[in-house]
Amino acid sequence: MSTPIDVAVVGAGPAGLATAHLLTAAGCTVRVLESAEEVGGRMRTLRTDGHLIDTGAEMIPSADAYPATWRLIRAMGLDHDPEAIPLVRDALSVWWKGRSHRHAGRPLGLLTGMGLSPSARLDLARLQLDLGRSDPDPEHPERAGTGEATIADLLRTHHPQLRERLLGPLAAGFFGWPAERAAAAPFAAHLASAGSTATWRTYRDGMDTLPRALAARLDVRTGHPVTALAPGPDGVRLDSPRGALTARTAVLAVPAPVAAGLYPDAPAAERAYLAACGYAPMLRLSLMLDAPLSPRGARRGFAHLVPDDPRIGVVTIDHAKHPGRAPRGRGLISLIATPTAARDLMDAPDDEVDRRLLERVERYLPGATARVRGTVTHRFRHGLPLPEAHTMSARPAFVDRPPAAVDYAGDWISSRPCSEGAVASAYTAAERVFAFLTATRAPTPIEAL
Ligand SMILES: Cc1cc2nc3c(=O)[nH]c(=O)nc-3n(C[C@H](O)[C@H](O)[C@H](O)COP(=O)(O)OP(=O)(O)OC[C@H]3O[C@@H](n4cnc5c(N)ncnc54)[C@H](O)[C@@H]3O)c2cc1C
């Protein structure tokens with residue numbers, strides 16, 4: 001009988017690949033099993049007709065805000081090329097009264113307006129100061145002590161324009177979080193930690209650059225869906241139509257509802273947290289255009305929040321994010337559906353998604369419909385973790401669980417709506433798995449971790 005590998009990682013998104021990288025570097029034998037034909041998960045990039053289409057994630061902030069991600073960027077040597085991760089000019093704008101207002105999410109916006117009244121801006125500055133002073137930990141939002149408060153509760157005592165035109169639409173548009181439902185603590189921690197939008201960057205060669213770099217050095221099997229997993233005396237058995245595999249340990253680096261389905265016999269505290277980790281669905285429509293159009297008011301701007309639209313939450317001008325996203329003289333834009341539209345259109349045919357979202361786009365980009373040369377719909381049933389009060393209260397017991405043969409990684413572990421949450425969770429998962437392996441056999445050096 002062949003010796004079982006040390007670790008099987010399920011899922012080749014950023015969490016799974018980072019976990020596999022760390023454990024491989026620590027001397028473990030690791031195999032990654034991925035159901036899709038390509039790696040990257042919700043950070044995947046499509047390469048279509050000369051376009052680089054980021055299907056999910058769009059940007060990353062600086063190393064201060066995403067320390068775990070930048071550690072891996074440096075480990076892969078991606079920082080050696082100064083052009084590989086360029087700044088995004090005018091990363092965030094807000095659509096208000098017929099035009100886009102630049103400089104949202106950065107100090108300059110407090111002066112130029114962002115479509116907000118002076119008193120709303122003053123209140124925003126106050127809120128930002130308060131959040132900064134409270135120093136929330138994005139990896140442990142449940143420690144903020146805000147109890148059952150929702151985003152709506154957090155914003156209730158603030159200027160109504162913050163809820164209606166900026167922070168409410170931001171939570172809904174980028175994370176799919178309805179303010180009345182989503183817990184306040186992860187949102188506050190994300191706002192406080194993400195830094196100024198003036199520091200936001202993208203990967204020149206597509207948002208899947210880091211996952212691809214990691215995967216190139218690992219044993220990754222794509223087209224390998226795992227259908228069930230069960231720990232036993234010989235290790236953890238992972239079933240798949242591609243054949244069963246037994247490994248000493250397994251890491252489920254898939255969205256929480258998928259992990260719950262694969263491992264229904266998980267210990268009670270794990271099952272309780274998995275059940276408490278819901279996800280917001282996200283739907284995005286990418287439009288390939290025969291001209292590089294931009295909304296009025298922000299010619300170079302990338303992401304435009306559209307606060308009062310029933311179907312579109314954010315318009316992203318991908319060719320403004322980086323010119324390489326579309327062939328010269330052409331354009332690439334994306335429409336991110338509102339939480340309600342994402343839910344309504346998740347199972348709709350592509351032509352209905354096109355029709356329902358294109359009906360609204362003319363308001364922001366006059367003439368765009370006539371310029372469309374192709375569309376691609378991206379559907380994420382598990383778009384972003386949607387933390388609620390019960391998610392926060394189930395978390396401490398999950399965090400305190402002892403190391404075991406089956407562990408987890410993913411953005412849902414800390415309810416962070418971003419790839420940094422996924423990568424940070426990999427460091428914890430790798431340490432826990434390593435501790436379990438060394439407790440059950442002769443230790444291997446951990447310096448590389
Ligand atoms: C629309 C959108 C915009 C976003 N924008 C940003 C952004 O600008 N910046 C940012 O930092 N983050 C952003 N994010 C979030 C970021 O993409 C995620 O946080 C990150 O990808 C989560 O990584 P993960 O590894 O936990 O999960 P995933 O990326 O979902 O990876 C999980 C992997 O598991 C695989 N899998 C699932 N089931 C199985 C199975 N049974 N067997 C084998 N494999 C399986 C999946 O195919 C997938 O590859 C965005 C997300 C979305 C949806």
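Accessible areas here come from the Shrake-Rupley method with a 1.4 Å probe. On that basis, the accessible surface of the chain comes to about 18,100 Å², and 53% of it belongs to carbon and sulfur atoms. Please keep in mind that this is a predicted model.

**Overall fold**

- The chain holds 16 helices and 16 strands. Its radius of gyration is 22 Å, close to the 22 Å that the globule rule gives for 449 residues, so the chain is as compact as a globular protein of that length.
- If you are setting up a view, the C-alpha atoms fill a box of roughly 70 × 50 × 45 Å along the principal axes.
- Of the 449 residues in the chain, 57% are buried.
- Take the contacts between residues at least 6 apart in sequence: 73% of these join residues at least 24 apart.

**Helix α8**

- Helix α8 spans residues 209–216, and six of its eight residues are buried, so the helix is largely enclosed by the rest of the structure.
- The buried residues of α8 are Thr209, Leu210, Pro211, Ala213, Leu214 and Ala215.

- Leu437 belongs to helix α16, which runs over residues 419–440.
- The relative accessibility of Leu437 is 1%; because buried means under 20%, Leu437 counts as buried.
- Setting aside neighbours within four places in sequence, Leu437 has contacts with Asp6, Val7, Cys28, Arg248 and Thr249.
- One of these partners, Cys28, lies 409 residues from Leu437 in sequence, yet the two C-alpha atoms are 9.1 Å apart in space.

**The second largest pocket**

- Rolling a probe the size of a water molecule over the atoms shows where empty space is left.
- The second largest pocket has a volume of about 300 Å³.
- Its lining is made up of 17 residues, and those nearest the pocket centre are His319, Ala320, Lys321, His322 and Pro323.
- Sorted by class, the lining of this pocket comprises seven nonpolar, six charged and four polar residues.

Key. Residues are numbered from 1 along each chain as its sequence is written. This is a predicted model: local features need pLDDT of at least 70, side-chain atom pairs count only at pLDDT 80 or more; totals for chains, interfaces and linings use all residues. Side-chain values use heavy atoms; hydrogens and water are left out. On a 1 Å grid over the protein atoms alone, a cavity is a set of points where a 1.4 Å probe fits but cannot get out, and a pocket is an open set with protein on both sides within 12 Å along at least five of seven lines; lining residues have an atom within 4 Å of a point. Grid points are joined across faces, edges and corners, and a volume is the space filled by probe spheres set on the points. Ala, Val, Leu, Ile, Met, Phe, Trp, Tyr, Cys and Pro count as nonpolar, Asp, Glu, Lys and Arg as charged, and the others, Gly among them, as polar. Helices (H or I, at least four residues) and strands (E, at least two) are DSSP runs, numbered from the N terminus. The radius of gyration is taken over C-alpha atoms; the globule rule is 2.2 Å times the number of residues to the power 0.38. Buried means under 20% relative accessible area, exposed over 50%, partly exposed in between (1.4 Å probe, protein chains only). Contact means heavy atoms within 4.5 Å.
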